[in-house]
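Please keep the sequence and the 3D view open while reading.

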Amino acid sequence: MPIQPTANIWRNGELIAWDRAQIHVMSHVVHYGSSVFEGIRCYTQRAGAAIFRLPEHMQRLIDSAKIYRMPVPYSLDQLASAVVDLVEANRVAPCYIRPIVLRGYGETGVNPRNAPIDVYIANYPWGKYFADHEQGADVCISSWNRLAPNTMPSLAKAGANYMNSQLIRMEADINGYAEGIALDVNGYLSEGSGENLFLVRGGTLYTTPLANSVLNGITRDAILTLARHFGIPIVEQALPRELLYICDEAFFTGTAAEVTPLRSVDRILIGKDAGRPGPITRQLAQEFFGIVNGTVPDRFNWLTHVNVPVTEAVSV
Ligand SMILES: Cc1ncc(COP(=O)(O)O)c(C=O)c1O
């Protein structure tokens with residue numbers, strides 16, 4: 001998906017022109033992957049534009065930085081205000097918002113402690129990640145495992161983790177699948193290259209726990225909250241790969257994927273209705289899209305409203 005530039009990027013407390021947001025090739029991050037970042041959606045609604053779960057994303061950014069001993073010189077409130085200021089200055093909605101904390105230009109060598117910390121936030125127009133939400137995605141189990149515990153921490157949304165995601169995603173793509181699902185190092189289901197995984201069997205909603213090398217997805221948390229709200233039983237436990245083949249329903253969640261039903265895994269159709277999305281997936285997706293699109297009440301306080309003239313929804 002080509003990036004559509006906007007006017008401004010927020011850098012270390014000020015708005016600068018998009019083209020000025022450049023770093024030196026000898027910056028620590030370029031060589032050693034030393035960044036943590038977020039991906040956030042700003043939706044459009046009849047009443048204006050709204051950012052989904054902004055404080056939760058900023059808390060995860062701060063948590064990711066803490067895991068990697070990166071001192072972030074801004075508070076959660078300052079970072080959240082910076083996002084609002086940027087989106088309002090750029091006047092683009094709907095959009096994707098990308099805050100990133102990186103180790104910049106200063107010293108070479110693996111030890112990052114003397115490299116300066118730079119914080120950037122960009123936003124740009126963005127549409128659907130999986131082309132067809134309604135039909136469901138055809139996915140595969142990846143030959144690549146997710147990060148092993150005690151190697152790269154999965155709870156940190158770090159740039160370097162996405163080398164693993166790239167392997168998963170490229171393999172799926174080359175083999176004609178929309179996405180790959182990685183197993184953890186013990187062979188249990190983990191997650192997609194950029195999505196959390198849910199499945200339904202016998203009316204119970206299952207998802208893989210944080211201990212199976214998954215990112216603690218903010219959409220995952222939203223879906224668990226909605227399931228609790230609807231009284232749907234939830235089980236978070238290690239799940240064997242084959243449960244995906246025999247489940248009634250399965251779907252991905254994520255900022256990019258939103259709620260994307262899965263039609264097939266390894267060419268095995270999911271459920272009993274030729275891979276069509278099942279009732280629990282549809283109920284949860286409908287409520288999720290209702291909240292983000294402003295057609296049902298924001299009963300969990302997930303939206304931060306921003307003052308941006310709403311443009312046409314973008315599609316890819
Ligand atoms: C590896 C990975 N898992 C899960 C997710 C879903 O997380 P979220 O719902 O917070 O976007 C993402 C996306 O950020 C991701 O990159």
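Helices (H or I, at least four residues) and strands (E, at least two) are DSSP runs, numbered from the N terminus. The model is predicted: local features need pLDDT of at least 70, side-chain atom pairs count only at pLDDT 80 or more, and totals for chains, interfaces and linings use all residues. Residue numbers start from 1 along each chain as its sequence is written.

**The loop between α3 and β6**

Pro-94 is part of the loop between α3 and β6. Ala-93 and Pro-94 are joined by a cis peptide bond, with omega about 5 degrees. Arg-91 lies in the loop between α3 and β6 as well. Phi of Arg-91 is positive, near 55 degrees, in a residue other than glycine.

**Strand pairing around β4**

Two strands are said to pair if DSSP finds at least two bridges between them. Strand β4 (residues 40–45) runs antiparallel to strand β6 (residues 95–103), and three bridges join β4 to β6. With strand β5 (residues 48–52), β4 pairs in the antiparallel sense over four bridges. A hairpin is formed by β4 and β5, with two residues between them.

**Helix packing**

Two packed helices are described by the angle between their axes and the distance between the axes. Axes here are lines fitted to C-alpha atoms, for helices over the stretch in contact, and angles run from 0 to 180 degrees between N-to-C directions.

| Helix pair | Crossing angle | Axis distance |
|---|---|---|
| α2 (residues 54–67) and α3 (residues 76–90) | about 125 degrees | 9 Å |
| α5 and α7 (residues 279–292) | roughly 115 degrees | within 10 Å |

Angles under 35 degrees count as roughly parallel, over 145 as roughly antiparallel, 65 to 115 as roughly perpendicular and the rest as oblique. Helices α2 and α3 are therefore oblique to each other, and α5 and α7 are therefore roughly perpendicular to each other.

Residues are in contact if their C-beta atoms, placed from the backbone, lie within 7 Å. Leu-54, Pro-55, Met-58, Gln-59, Leu-61 and Ile-62 of α2 meet Leu-76, Leu-79, Ala-80 and Val-83 of α3. By class, this contact of α2 with α3 has nine nonpolar residues, one polar and no charged. In these classes, Ala, Val, Leu, Ile, Met, Phe, Trp, Tyr, Cys and Pro count as nonpolar, Asp, Glu, Lys and Arg as charged, and the others, Gly among them, as polar.

For α5 and α7, the contact is made by Ala-222, Ile-223, Leu-226, Ala-227 and Phe-230 of α5 and by Gln-283, Leu-284, Glu-287 and Phe-288 of α7. The residues of this contact divide into seven nonpolar, one polar and one charged.

**Around the ligand**

Of the 14 residues around the ligand, Gly-217, Ile-218, Thr-219, Gly-254 and Thr-255 come nearest. At least two residues of the shell are supplied by each of α5 (218–230) and β14 (249–254). Helix α5 gives the most, with three residues. The shell divides into two nonpolar, nine polar and three charged residues.

Key:
A residue is near a molecule or strand if its C-beta atom, placed from the backbone, lies within 6 Å of it. Two residues are in contact if their C-beta atoms, placed from the backbone, lie within 7 Å.
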